[in-house]
Each structure stands twice: as structure tokens, then as C-alpha cells.
Amino acid sequence: MTYQDGCVYLGKGNRRASISDELVERIYHRLEKNIQDSTPALSEVGSIIKNVDVQGNLNCYRLDDKYYFFSGPDKVLRAYIEKATVSARSVKTKLSKQMLENIGRALRAAGTDVELSDQDGRIVVEYARAIHAVHKIVSKIIKDNTEALAWSCDAWGVTEDVKRRLLSIPSNELTSGNKWEYAYVIARCVMDTESDGVKIKNMEPARAADLLFERIWRALKSTEGWDDFISEKTSTYREEITAYIHETLSVNGTISGSSGSDLSDPYREYQRGGSGRICNLCNSGTLLRQDEMKLPITVSMLKFNFSNRIFAGKTKPDNIYACVPCGVELVLRQNGCEIPRGPVRIR
Ligand SMILES: [Zn+2]
């Protein structure tokens, strides 16, 4: 209805709302959803994929945990899978000798066909990176290695025969360092899986991703412990933003006092010297450690808007320290005003 002096006033006809923990929780979930839908950088898989990377020589994709909050777990999974199906088609670099050896060893151990064309080799590598990424998630939920391997075999549709052989291989044979080479065998099976008479490896990347996503998403959601896993991944955001809503939301003049949060106490932090766990932007306490609060000025967009909240006499700092709600706002501002590359760039 109105915005005045930093407050937003809302109304809903004649309905009288009243404040409660349940209302705050509903507002949090709506906020989370709105953030996930707010900008293509967070909602479109094509954009998220650009931030999926392969760490060194590891046969695994990686996406920062913050995407569980900013984009949602379904988009995280979809990004891994689509990265695989798109890269399998587009990446043309030859596989290194080392990679070929690793793949060969895994396929021989499982007794599957070792002969692969260059193109098939690339498909195995990219699919395996997605399969490993999903397995890493699952192995956090299912602690027993054998059970987690069986989960991956079932979810990706490995034949009973190959699954039995994989389960019988001594566990140290296909795991070295952080590598998990079972993924090559599973990838080999996945690419030849047929749907409507077409092998997955021959499908358009988006269609292959649709099929695989649907299968794996269903399997993850029905795994006991999945909800707890996701809840833990986003807990810092949930707890701190919920505490923020409790503190700032007033319904008909009533504020619901936060029921004992673990946020740092700004007064106590000041007493300790004033440079502790206090947000530079809003002076609130936080759940974050100080090193987690750090945002480079260039990332935070504050280079355009030097804060007047930094103590007088200080030179412009390289970093600011932000609480969770302020950090979230900065991410949204950054994504909301990204100037497109190319000829339209403003100079
Ligand atoms: Zn703040």
C-alpha cells in the first residue's frame, strides 16, 4: 500500500492478519521462491550451467552450495545433468591418455565393452562427471558405501548384471583419491539406454536431460533423508532470514520476538573491539563466521555506492562484512543490473 521512511505498509482488504511463527515461516518460503524466480541468472539452467566447473582432473562436476538456496535443489540437479548432455555434444578436445586408461580400467573391471569411439569416450567422461556429482550428494545421505553404490546403479538404470559385478569389485579398485570411477561404467550403461527406440547418447541434449532429470529427481526425492539433507544445506539462510523477519515484521503493531536465535550479539561484538561478527551494512548480528561474511567490494557493487557506515577516517576498504540478508540483497542487486556483453555495452 505505502512505502515511507524505510517501511513498507501492506494491507489485504478487511482481513486481519495476526503474527505467528507459522506466518513468518510462510513468508520465508514465499521469499525463497521469489528469490529463485527473480532473475534468469538464478532460475534458468542455461545460466547456472556456466558456473558448474570441473575441478582439476577430478571426474566430477561442482556447483557452489549457495545454489541450493538461490536456485533450488531441482535446478542444481538439472544443471549437472544438462552440463553433461550439452558438453558431451559440444566439447571436442581429445581425451588424455590418463583418462582413457582410467575409463578402460573401470570398464574392464565391470566386464563391459571397452571399445569406444572418440565421441563415445567424451560422452562417458561428461556423463560420469554428472553421475559422480549426484553420487557425492547421495553418499552424504546413505553412509554405507555399498548401499550408496547400489542406489546410483538403480537410479541411473544400470542392468542387474553390471550392478552385481560393480558391487563385487573390491572398493579400493575404482576409487583413488577423490575419484570415483564406477561412474564411467554407469555412464557407459546410461548412454546406451533407449527410449522410444532412440539411445540417450543420440538424443538432442535437452531431451536426454529431460529424461535423465526426471528419473534421478524422482529417485532423490524418494530417498529417506533427502529433505533433511536439503534443509541442512539451506539452514543458515533459513535461520538468519527468519530471525530477520521476526525482528522487522510488525502486524497491526505487534512484533513477534524471535524465539532465541543463535545470531551473534552486536553489543557483545562491539565490546570485543567492534570488528567482530557485525554486519557493516545493517549492524546486525549473524550466524556466519567472520571469514564467511567477507565480500569483496567489487562483487558487492558497493564500489558504486561507498557506504557511509564505515568508521570515519578509514580509507575505502577492500572488503565489507555482511550478514545473510544483506548478502542476499547484494547478490540480487548484482544479478539485477548486470550489463549485457557485446555491442550494447555502455562506456
Ligand atoms: Zn546486514
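For the residue classes on this tour, Ala, Val, Leu, Ile, Met, Phe, Trp, Tyr, Cys and Pro count as nonpolar, Asp, Glu, Lys and Arg as charged, and the others, Gly among them, as polar. What you have open is a predicted model, where local features need pLDDT of at least 70 and side-chain atom pairs count only at pLDDT 80 or more, while totals for chains, interfaces and linings use all residues. Numbering runs from 1 along each chain as its sequence is written, and side-chain values use heavy atoms, with hydrogens and water left out.

**Whole chain.** Of the 347 residues, 44% are buried (under 20% relative accessible area; exposed is over 50%, partly exposed in between, with a 1.4 Å probe and protein chains only). Among contacts (heavy atoms within 4.5 Å) with a separation of 6 or more, 66% join residues 24 or more positions apart.

**Largest cavity.** Now select T85, A88, R89, Q119, I123, Y127, I200, K201, M203, E204, P205 and A208, the lining of the largest cavity. A cavity here is a set of points on a 1 Å grid over the protein atoms alone where a 1.4 Å probe fits but cannot get out, and lining residues have an atom within 4 Å of a point. Its space is about 70 Å³, counted as what probe spheres set on the points fill, with points joined across faces, edges and corners. Colour α5 (73-90), α7 (118-141) and α11 (205-221), the elements that give two or more residues to this lining. By class, expect 7 nonpolar, 2 polar and 3 charged residues.

**Second largest cavity.** Next, pick I81, A84, T85, Y127, A130, I131, W156 and L212.

**Zinc site.** Finally, show the SG atoms of C279, C282, C323 and C326, which coordinate the zinc ion at 2.3 Å (donors are N, O and S atoms within 2.8 Å of the metal, or 3.2 Å for Na, K and Ca). Angles of 108 to 113° make the site tetrahedral (four donors, all angles between 85 and 135 degrees). The spacing reads C-x2-C-x40-C-x2-C. C282 sits in the loop between α14 (266-271) and α15 (290-293), and C326 is in helix α17 (residues 324-336), 44 residues apart. C282 is partly exposed at 32% relative accessibility, whereas C326 is buried at 11%.

Notes. On a 1 Å grid over the protein atoms alone, a cavity is a set of points where a 1.4 Å probe fits but cannot get out, and a pocket is an open set with protein on both sides within 12 Å along at least five of seven lines; lining residues have an atom within 4 Å of a point. Helices (H or I, at least four residues) and strands (E, at least two) are DSSP runs, numbered from the N terminus. Four donors count as tetrahedral if all angles lie between 85 and 135 degrees; four count as square planar and six as octahedral if opposite donors are over 155 degrees apart and all others between 65 and 115; anything else is irregular.
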